[in-house]
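Hi there,

Here is the structure I promised to pass on. Have a look first, and my notes follow below.

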Amino acid sequence: MLPILARFGPITIGTHDFFTMFGLLAGFVLYYHALRRDGLLGGPITLISVAAVVGGAVGARLITSWEVLGDVQSASLPLTYVLTHGPKSIIGGLAGGYLAIVLTKRALGYTLSTGDYYAAAIPLALAIGRVGCFLSELPLGTPTSLPWGMTVSPEAAAAFPRCPGCGGPMHPSMLYEIGFHLGAFTLITTRGPLLPVRGDTLKAYLLAYGVFRFGIEFIRGNEVQWLGLTGPQLVLIPLVAWLVIHFVRQLRSGIYQMPKPIPAIA
Amino acid sequence: MDPNIRDYIQSMSGRYTPEAIRANLIAAGHDPAAVDAELAAIAAERATGSGNKNGLVSEAWILFIVGGVAGLAGVALAASAGSSSGAVFPIFAAGYLGIGYGIILLLRWVVPRFRIKGLGAALVGLALIPVFWGLMLGTCVAAFSIGRG
C-alpha cells in the first residue's frame, strides 16, 4: 500500500488525490484535443466542462451518502459532513457530471451533442484514477483462492477501520476495473464512435460500465446495504435501467438504419 | 462542390456522427476529399451557431457556479464549526439551485425577446453580480435560520 506518494517539506501528496487529478487532467486533454480537431472548442464548452467538474465532485459525494446518513445523524453531525468526509463514488461522479452537462447545455442553449467526445476521455481518466484507488484503498476485494489473489501486510490493513478479507489473498478488483477501462479506451480510440447516432457511444460505454461494475461489486468487498446488494449496486439499478430504456427506444425507432445519400454521379 | 453532399450532411449532422455520415457518402461513391471539406465547413458553422450570443447567460452561469461552490464551502465550514443542524445543506442546495437556475432560464427567455443590447446589456451584466451573490448569501442565511428553527 502506498497512501502517500511523495512529501516535499510540509507538502504531502496523497496517492489517491494525485492519480485522481492526473486522470482528470489526461481526460480533459483528450477531450479538448478532440474538440479542437473538430473546431468545436470555445467559451460554451469551457463553461460546460467547469460545470461537469463541479457536478461530478458534488455527485461523487452525494450519490452514496445515504450509506452513512445513519452514522452522521447518530453522531449529531450536520449533513454537510457527507460532503466533506463522506464516501466518494465514481458512479456519483459520472451521474453528477452528466446531469451538470445537460443542465448547462440547456441553460446556455447549446444544442450540439458532445457526448462522444467524452467517450474515450472518461475511460482513460477512470483507468488512471483507479491506479490511485488500487495503491491506497482497502479492501482490494473479497477473499479468493485464485492464483492472482493479492495480500496486504497487517500494518496496512490496520490503517483501515473495515477490511474483511485482509487476512488472506483478495481479488484485485481495482485492477479488473482498470482492465475494463483500458479495453474500452482502446476500442473507442481505434474504432471511433461505435454507434452512428451522436452521443450513443458514450451511453453505450456507460451502460457497459454499469453492468460490469454491478458484477464487480460482488467481489469488491463493499458493505452489503439491502437485499444482498451494495450501495453502488443499488444506485446502478435505476441508472442502468434508464440507459437500457434509451437503447430499446433507439432500436425501436429504427434510428440506427441511417438514410442513404443520393449516389454520386459517375 | 456537389450540393447533394452538403444537403445530406446538413440533414444528418444533428443526429448522426461525422464518421457515420462520411462513411455513407463515400460508400455512395462521393469524393472523400469533397466530403471532408464539407464536413469541416458545416461543423464550423454549427459550432459558431450554437449557444447564446449575448454573453449575459454565460455570465450568469459563471456567477451561478462560483456562488454555488462558495455557498457550499461556507455551509460546510459553518457546519464543521458546529453551528448548524442537518437540514441546512439540503435547504441551501434546493434554494440556491432552484432559484439560480430559474434566473438563468428567465434570462434566456427575456434577453432575446426584449432585445437587451449595448448599455442595457452592460447594466444587466453588472446587476447580475449582486443578484447572484445576494442569492447565495440569502439562501445561506435562510438555510441556517430554518435549519436552526
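**Helix packing in chain A**

H8(A) and H9(A) are roughly antiparallel to each other, a label that applies because angles over 145 degrees count that way, while those under 35 are roughly parallel, 65 to 115 roughly perpendicular and the rest oblique. This is a predicted model, in which local features need pLDDT of at least 70, side-chain atom pairs count only at pLDDT 80 or more, and totals for chains, interfaces and linings use all residues. Residues are numbered from 1 along each chain as its sequence is written, with chains lettered from A and ligands numbered from 1 in the order in which they are written.

The axes of H8(A) (residues 173-191) and H9(A) (residues 200-216) come within 11 Å and cross at roughly 160°. Axes here are lines fitted to C-alpha atoms, for helices over the stretch in contact, and angles run from 0 to 180 degrees between N-to-C directions. Helices (H or I, at least four residues) and strands (E, at least two) are DSSP runs, numbered from the N terminus. H8(A) passes H9(A) in a right-handed crossing (near helix turned clockwise from the far one by less than a right angle; anticlockwise is left-handed). Residues in this contact include Phe180(A) and Ile188(A) of H8(A) and Tyr205(A) and Phe212(A) of H9(A); contact means C-beta atoms, placed from the backbone, within 7 Å. By class there are eight nonpolar, two polar and one charged (Ala, Val, Leu, Ile, Met, Phe, Trp, Tyr, Cys and Pro are nonpolar, Asp, Glu, Lys and Arg charged, the others, Gly among them, polar).

H9(A) also packs against H10(A) (residues 231-253), at about 140° with the axes 9 Å apart. That crossing is left-handed. Among the residues making the contact are Leu207(A) and Phe214(A) of H9(A) and Leu239(A) and Phe247(A) of H10(A). The classes are eleven nonpolar, four polar and three charged.

**Chain A as a whole**

Chain A has ten helices and four strands. Its C-alpha trace spans about 75 × 40 × 35 Å along the principal axes.

**Chain B and the interface**

41 residues of chain B are in contact with 37 residues of chain A. H4(B) gives the most to chain B's side, with eleven residues. That side has 24 nonpolar, 13 polar and four charged residues.

Chain B is assigned domain 1 (3-49) and domain 2 (56-148), with bounds from an automatic or database domain assignment. Their centres, taken over C-alpha atoms, are separated by 42 Å.

Best wishes

Notes: Two residues are in contact if their C-beta atoms, placed from the backbone, lie within 7 Å.
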